[in-house]
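Student: Hi! Could you walk me through a structure with a ligand in it?

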Amino acid sequence: MEKTINRLSGLLAGAALLGLAMPAAHAADAVKVGLMLPATGTYAKLGTAITNGFKLYADENGGKIGGVTVEYSMVDDESDPAKATENANKLVKRDAVDVLVGTVHSGVAMAMAKVARGTKTLMIVPNAGADELTGPLCAPNIFRTSFTNWQPSYAMGPVLLGKGVKKVVTLTWKYSAGLQAIDGFKESFTAGGGEIVKELTLPFPNTEFQPYLTEIASLKPDAVFVFFAGGGAVKLAKDYAAAGLKDSIPLYGSGFLTDGTLDAMGGAGEGLLTTLHYADGLDNAKDKAFRAAYEKAYGMAPDVYAVQGYDAAQLLAAGLTAVQGKVEDRQGMIKAMEAAHIDSPRGTFSMSAAHNPVQDIYLREAKGSVNPVVSVASKALADPARGCSMQ
Ligand code: PHB
């Protein structure tokens, strides 16, 4: 018997020396992570930051998450909902990943969630805010480490009311992230007596803003509230300033407008007030350590997307640690992830019953390249999770 084993291990060692494939020798000790994120298009930078954040956590832990070696499969989803189901199936069926991590765009994430629900694959959303993911589409195997579209925008209503703003025009891309972000703002702003004079939209990812800026100039609201992100956010801030509106009609938005975009705006973002679940200059040890490690690894400052990617890895670590790395114990992992208190660079957060972060939303003011905290706009804000029934 011993002889047989010795002969077998000799054969395997020989195969390894010859560079032959060792049939799944390490697969049982590895967790397969499918990263489905944009690598091209207006959200490309966001996808890179999420990937960087996720990998930073694994790299800090010797290439492991929760004690298990990570293997990555990656797909560029191009922020294209039409390709989303096929892309998610590539990861789940072809690559047999244990966990799907993605994505940035709400419409793409909803298609992914349907694949995850149908195949019962564990899914962690490191950005997309689609309210449905932790609403009508909520499921035991779907978690989010970012926000709902409702959350950051809802927090801005009282801020503007407090400044005496009464009439607002909104402007966004016409897809779920933009529309739900505007709805969140509208809910708290109108509940406090504010009025939405006009809701302007343009198709995603168009950036021909001129006609909308002309209309805003003629409507003369007290303020404008927007949702834009990535390359589109840069263009909007620049065009808004160039149209001469910045000083006459203050521009506000959820913090995606100014996170990771200020340098590219070349000064057009200076002074903009936004609300988000992350900010620069947060006084916590985790943020300081994270920022230093991220700068060292990637030679640039992290943004909210990097934080969300890092926290996706931290949430997975909470699950895998609880089951001693036995990735097939999904019930055990889910239970631990539900109970997790994530020590995030944004401040510690917990999971709501719908699997979405319960978190502080900060008011920030853009200064140079950064968005320092002005105040906490909403403490421990939980999404209402309308339509979620876990089963
Ligand atoms: C989304 O589509 O949900 C989305 C995209 C970019 C952001 C935030 C939300 O910065």
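Predicted model: local features only at pLDDT ≥ 70, side-chain atom pairs only at ≥ 80, totals over all residues.

Student: Which residues come nearest to the ligand?

Tutor: Ser106, Gly129, Tyr175, Ala229 and Tyr305, out of 16 residues around the ligand; a residue counts as near if one of its heavy atoms lies within 4 Å.

Student: How far is the ligand oxygen from the side-chain N or O atom of Tyr175?

Tutor: That distance is 2.5 Å. For Tyr305, a side-chain N or O atom is 2.8 Å from a ligand oxygen, while Gly129 uses a backbone N or O atom, at 2.9 Å.

Student: And what classes of residue make up the shell?

Tutor: Eleven are nonpolar, five polar and none charged. Here Ala, Val, Leu, Ile, Met, Phe, Trp, Tyr, Cys and Pro count as nonpolar, Asp, Glu, Lys and Arg as charged, and the others, Gly among them, as polar.

Student: New topic: how is the chain divided?

Tutor: Into domain 1 (30-147 + 282-355) and domain 2 (150-276), with bounds from an automatic or database domain assignment. Their C-alpha centres lie 28 Å apart, and each domain gives at least three residues to the ligand shell.

Student: How many residues are in contact between them?

Tutor: 17 of domain 1 with 19 of domain 2, contact meaning heavy atoms within 4.5 Å.

Methods. Residues numbered from 1 in each chain as written. Heavy atoms only, no water. Polar contact = N/O pair within 3.5 Å; in protein donor to acceptor, adjacent residues only side chain to side chain.
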